[in-house]
Amino acid sequence: MDSAENRNNLENFWHYAYNDFVMKGRAERVLGMEISMKVVLEQLTKIFPPRNKKTGTEVIAVNQFSMEIPDGKLIGLLGPSGCGKSTVLNLLCGLQKPTSGKIYFGDDEVTGLPAESRGVGMVFQNYALYPHLTVKQNIIFPLQNLKGEHRPTREEMDAKAKEVAEMVQIDALMDRKPSELSGGQQQRVAIARALVKMPRILLMDEPLSNLDARLRLQTREEIKRIQNETGITTIFVTHDQEEAMSISDMILVMKEGVLHQAGKPQEVYDNPKNLFVATFLGTPPINVFAGEIKAGCLYIGDENVMETPGVTDREVYVGVRPEGFVLDARGAFSCKLKGVEVMGRDISVISTHDNSLNPTVRSIISAENAVDTAREEVRFTLKPHKVYLFQKDTEERIYLD
Amino acid sequence: MISVGLTSITKLRNLYQTVFFLPYVTNTLAVGLVFMILFKKTPYTDGLANLVLKFFGISAVDFIDGPYWAKMFVLCFYTIWVVLPFKILILTSALASVNQQYYNAAKVDGTSGFRIFTRITVPMISPTLFYLIITGFIGAFKAYSDAVALFGTNLNSAEMNTIVGYVYDMLYGNSGGYPSYASAAAIILFTIVLTITCINLLVSKKHVHY
């Protein structure tokens, strides 16, 4: 029995990991040891059967998802809502079984293992703290589930709960009920509960979505710090690209169950593979125009805006990041000026263009530039490295020489 | 328990729910008479219950006019049969209102089925359970029509009298005409129910989580 053996190994593993914990005593040291590991997803596919057998169509939530997630990093799984992010998370933690494909944690295949023997910690979107238990009881709940010799004594449980609580800074709230805590504190308790059993992998489903804007900024730093301290491979799901870009070591951009691009946040932002990734990342979003390549030059409307060496003549989509515009009275690219928003550090110039796919063109320029709002036209030069060309039919990126 | 079972069955769930709910929509007295026929032993037939017992090699007992334990058994069996569907209905809806995410969280943490039941399910539906326990206790002390349906109006001779039955007897029954006894019994009934409800409330402070 392959899975039984796997399970046995895992139990031994937990046993030793746990003994180590008791001997060393300090959570930091133990959590810092090599218990986290890389995660490999192979051709992972999840198909939900149609709800109505006659008329319904099946839903492909995750499609041929292959990825190797490096050890000990903070990974942001990013995509618009309904793109299958949460399904990937559920497949990883074992709440759902994949239709096909394989999942490995380190060298162990865990595809067939039930959730409880995978050694994952999960932080749910609405935290799922048990309302009838105190903070402390919530945190030690996973430890009380351990059986036989793996089960720590009461004192050990208390000590462990205290250490994890200190790490997430809720040690003063141990006797409260979840309903007596603020959203941010509940979030910390949920993280503590996921960490207390020393998971190999920590999963978070939209960890910041229930917090207000200010707390969100604070908590995302906190998540980064906790991840750094523990060194546990952490995967979190979000639809907020700013959130993902700001703290992740690596982001995975998904759409309709397909992984579109993976990489360091800045690399993905600077070098999008296709139109979807380009439009999804960045606030304010990228400006997209319909354009044409003629004789090595890019035309938007009738204006020749830049040279495009090595690209044959064709119709293209042109993506220009808001920061890719330079105000220039003799610039090649003209837009109809609609308004100016002053934000202190910089100004956004809002204009329209006949060839723009978005209703307005938004460009961000430094506040030192003065824009004459009385004029009807505004002219820009484009920064070539902030301009991306995409194939009109496939929306794939066209690279310049 | 049955409710948990019911919620975990997905196929034919509606059918089972209907079957379990059937006693609730039928008339108490009518069903009581049917029960009496099922369990009664007459010179002509032993009744269905005894036929089943015989099949397992147990000698026939008259459940309606027989020994005290047999009559008590029929009464209990009948009461459970009548009361259960309402409780199941309430509990099923209580269970449905528990957020699935608690179960997912418990599953990821490797909680055993028994622990999920005792540490999550029961506390989560404890307000409903508490309500059912209180109304159940009160209902048990008020029992009268069930006994009448099974054993006829002369409950004293059947040794199956209830408190409400005693109140009735003192007022209108064969030994009637003693309203003072009846009032005293009614007040005693009230006190007993009040005391038990208070005890329930005290216990619930510790175990019920709103």
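**Where the chains meet**

A: Let's begin with the contact, which takes 13 residues from chain B and 15 residues from chain A. Keep in mind that this is a predicted model.

Q: Which elements give two or more residues to the side of chain B that touches chain A?
A: Those are α6 (100-108) and α7 (113-124) of chain B. Of the elements on that side, α6(B) gives the most, with six residues.

Q: And how do the residues of that side divide into nonpolar, polar and charged?
A: On the side of chain B that touches chain A, five are nonpolar, five are polar and three are charged.

Q: OK, what about chain B itself? How many helices and strands are there?
A: Chain B has 12 helices and zero strands. Read along the sequence, the pattern is α-α-α-α-α-α-α-α-α-α-α-α.

Q: How much of chain B counts as buried?
A: That's 21% of its 210 residues. As for contacts in chain B with a separation of 6 or more, 56% of them come from residues 24 or more positions apart.

Q: Switching topic: how many residues has the largest nonpolar core?
A: It has 108 residues, and A192(A), L203(A) and V318(A) have the most contacts inside it. Helix α6 (residues 183-195) of chain A gives the most to this core, with six residues. Domain 1 (4-275) and domain 2 (284-398) of chain A each supply at least three residues to the core.

Q: Why would nonpolar residues gather like that?
A: In general, nonpolar side chains in soluble globular proteins tend to be buried together.

Q: What does V318(A) touch, leaving out residues up to four places away in sequence?
A: V318(A) touches V288(A), F289(A), G291(A), L298(A), I300(A), V387(A) and L389(A).

Q: What other core lies apart from the largest one?
A: There's another core of 12 residues, including V74(B), Y78(B), V82(B) and L150(B).

Q: I clicked on M254(A). Where does it lie?
A: M254(A) lies in strand β9 (residues 250-255) of chain A.

Q: Is M254(A) buried or exposed, and why?
A: M254(A) is buried, because 26 other C-beta atoms lie within 10 Å and 20 or more is enough to count as buried.

Q: So which residues does M254(A) touch, beyond those up to four places away in sequence?
A: M254(A) touches L77(A), L78(A), G79(A), C83(A), G84(A), K85(A), L259(A) and H260(A).

Q: And how far is M254(A) from F280(A)?
A: Their C-alpha atoms are separated by 10.0 Å, and the two are 26 residues apart along the chain.

Key. Residues are numbered from 1 along each chain as its sequence is written. Chains are lettered from A and ligands numbered from 1 in the order in which they are written. This is a predicted model: local features need pLDDT of at least 70, side-chain atom pairs count only at pLDDT 80 or more; totals for chains, interfaces and linings use all residues. Two residues are in contact if their C-beta atoms, placed from the backbone, lie within 7 Å. Helices (H or I, at least four residues) and strands (E, at least two) are DSSP runs, numbered from the N terminus. Ala, Val, Leu, Ile, Met, Phe, Trp, Tyr, Cys and Pro count as nonpolar, Asp, Glu, Lys and Arg as charged, and the others, Gly among them, as polar. A nonpolar core is a set of buried Ala, Val, Leu, Ile, Met, Phe, Trp, Tyr and Cys residues joined through C-beta atoms within 7 Å. Domain bounds come from an automatic or database domain assignment.
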